[in-house]
Amino acid sequence: MNKNLLSFAILALAVVILIVNIWKPGATEGEKDTTAPTGDSVETTEDIPGAKLSSLREGAEAPDFELNTLEGESIKLSDYRGKKVILNFWATWCPPCKAEMPHMQNFYEDYNDQGVEILAVNLTNMDKGEEEVQKFVDEYGLTFPIPMDEEGFAGTTYQAFTIPTSYILDENGVITKKIVGPMDENMMKDLTGVK
């Protein structure tokens, strides 16, 4: 009786080993299909949940959103049609964002009267709370609007997965450039075409 049980166990183990070996090569081929060759960039046009990539290409109309600012005022991106807009996504804990903010404030002071607006969307759902955002704004003396993305909708829509991420919009609300990483004043001048 024990011999029969041992034989059955050995046979069952052999079947399992056979199934695993048959299944394993298929998984490896599947992995090869999704891996890009080393050194090549991968460009995808497929949409991911919550972010329609095709709507963010240069030349596309920027997706509209409505958020409350740090001061509690409700604003829509489309309210800024007729102005060039630097749409920036940031958080208080982000060192490159801290480096970029003084440049943004200087640029805003110098060029806001030339029809350029800065909307610095705080990724509030990923930040340390409204009180910390207010302390940051006070510390850096920021005077441009700070929309608060409390639900993460705008950040996801604009794929702000690495911050700072900025979009340059023309007067018609069309995306002319996407920048991932901090900008300085000269870069902002070049991208917006102000003199």
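A residue is called buried here when its relative accessible area is under 20%, and exposed when that value is over 50%. By this criterion, in what is a predicted model, both Cys94 and Cys97 are buried. These two cysteines form a disulfide in which the sulfur atoms lie 2.4 Å apart, and the link is right-handed, with 80° about the S-S bond. A search of the whole structure finds one disulfide.

Turning to the fold, the protein contains five helices and seven strands, which follow one another along the sequence in the pattern α-β-β-β-α-β-α-β-α-β-β-α. Of the contacts between residues at least 6 apart in sequence, 71% join residues that are at least 24 apart.

The interior can be described next. Buried residues account for 37% of the 195 residues, and the largest nonpolar core has 46 residues, with Leu77, Leu87, Phe89, Phe144, Ile146 and Tyr158 having the most contacts inside it. At least two residues of this core come from each of several elements, among them β3 (84-90), β4 (116-122), α3 (130-140) and β7 (175-180), while α2 gives the most, with six residues. Leu77 shows how such contacts reach across the sequence: leaving aside residues up to four places away, Leu77 touches Val85, Leu87, Leu119, Tyr158 and Leu169, and its partners also include Ala62, Pro63, Asp64 and Phe65.

Key
Residues numbered from 1 in each chain as written. Predicted model: local features only at pLDDT ≥ 70, side-chain atom pairs only at ≥ 80, totals over all residues. Heavy atoms only, no water. Disulfide = S-S within 2.5 Å. Buried < 20%, exposed > 50% of the residue type's maximum accessible area, 1.4 Å probe, protein only. Helix = DSSP H or I, 4+ residues; strand = E, 2+ residues; numbered from the N terminus. Contact = heavy atoms within 4.5 Å. Core = buried A, V, L, I, M, F, W, Y, C linked by side-chain atoms within 4.5 Å.
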